[in-house]
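User: Please examine the model shown below with me. I shall ask on what grounds each description rests.

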Amino acid sequence: MKIGIVGLPNVGKSTIFNALTKAGAESANYPFCTIDPNIGVVTVPDPRLAVLEKMYNSKKVIPTTIEFVDIAGLVRGASKGEGLGNKFLSHIREVDAIVHVVRCFEDENVVHVEGKIDPIDDLETINLELIFADIEMLDRRIEKNKKLAKTNPQEKANIEVAMRLREILEGGKMPHDDDFTVDEWEFIQTIQLISIKPVLYIANVSENDLHEDNEMVTRLKVTVRENHSGSHKDIIKISAKIEEEIAQFDDAEKAEFLSDMGLEESGLDQVIRSGYKLLGLITFLTAGPQEIRAWTVTEGTKAPQAAGKIHTDIERGFIRAEITSFEQLIEAGTEVKAKESGVTRVEGKDYVMKDGDVTFFRFNV
Ligand code: GDP
């Protein structure tokens, strides 16, 4: 799962990206790697892992991860090839969700590309580029199968959907799934459009504005909520500067710093958690004395496909899954007691995985 970080130049994207990946790199316990200077693998914080580690006295803990990509270079005119625009737009097509950073801090020393700080203008500039790029994509799709549509009713319907979608985008709006039927939306998802991807907006504020929304954040929140009624849109406020500092700390220092600031959670933890939710992801867990491990699947994934995340052989030879919810396992105290008290369930191939399922797969080799 990949999340792309977009926004105008100098809004704080790299600061956020660096803090995200640095935070991962600093926790020696967690696997981290840099695939590319602009791609970072970030661990998903999950307090359940430490609890299981203690219960099983495990040798190792492996959290689950998501990938963040720093997509620089989006400016006004990008869809027309301005500033290598097309190259960056193609990177955005490859991600599963978008984090859109908007500048809501004042600082004379940090130049704004458009010469003034206005989060609504900034947001619209980026969104318009994404919309233009998608219109071009739709035009190509419509053009390509125009002939076929004359004889093929399905294709005719598809083109009509593409035209309707084009109209929404031309009106400067982002399309929502509730504008279309389930079948239509399924077709839309086969076109690699950017503007249908889930978006998390980040208002990047100065550290003094973390507690109370400044005027820019207030306006931004209204705009996001008005224009994005869809279920996959969210907005959070963070201070990239503070996150940069926090990323240098170890866990104890981080906790102290956050409590001094009167914050419950770092902005980055919020970004990761919201990103996870936005993507419709859930975590199941495997536990034993060798290792405790978290695995990511999308909501609705059935037991055999979840097993396939661990190894394709386990999916192929799937017999059953023995599942205890994390809460019930903790309540029982041990795996043995959970089995004795009957809270460990035996589930078959149609079982839909739930977040926090502590799972043991039985399979034929
Ligand atoms: P990008 O071009 O969007 O990746 O922006 P950068 O992360 O490189 O940030 C551009 C400049 O703004 C850098 O000098 C940052 O230190 C600074 N910056 C980023 N976030 C903040 C912030 O919250 N407050 C202030 N005052 N400066 C910031």
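User: Which residues is valine 102 in contact with, leaving aside its neighbours within four places in sequence?

Analyst: Valine 102 is in contact with Gly7, Val11, Pro119, Asp122, Leu123, Tyr201, Ile202, Ala203, Asn204 and Leu220. These pairs are called contacts because their C-beta atoms, placed from the backbone, lie within 7 Å. The model is predicted: local features need pLDDT of at least 70, side-chain atom pairs count only at pLDDT 80 or more, and totals for chains, interfaces and linings use all residues. Residues are numbered from 1 along each chain as its sequence is written.

User: What makes the largest nonpolar core a core, and which residues touch the most other members?

Analyst: A nonpolar core is a set of buried Ala, Val, Leu, Ile, Met, Phe, Trp, Tyr and Cys residues joined through C-beta atoms within 7 Å; buried means that 20 or more other C-beta atoms lie within 10 Å of a residue's own. The largest such core has 85 residues, and Ile5, Val102 and Ile202 touch the most other members. Helix α4 (residues 119–144; a DSSP run of H or I, at least four residues) gives the largest share, seven residues.

User: Which residues come nearest to the ligand?

Analyst: Gly12, Lys13, Ser14, Thr15 and Asp107 do, out of 17 residues around the ligand; a residue is near if its C-beta atom, placed from the backbone, lies within 6 Å. The largest share of this shell, three residues, comes from α1.

Note on methods:
Buried ≥ 20, exposed ≤ 12 C-beta atoms within 10 Å, placed from the backbone. Helix = DSSP H or I, 4+ residues; strand = E, 2+ residues; numbered from the N terminus. Contact = placed C-beta atoms within 7 Å.
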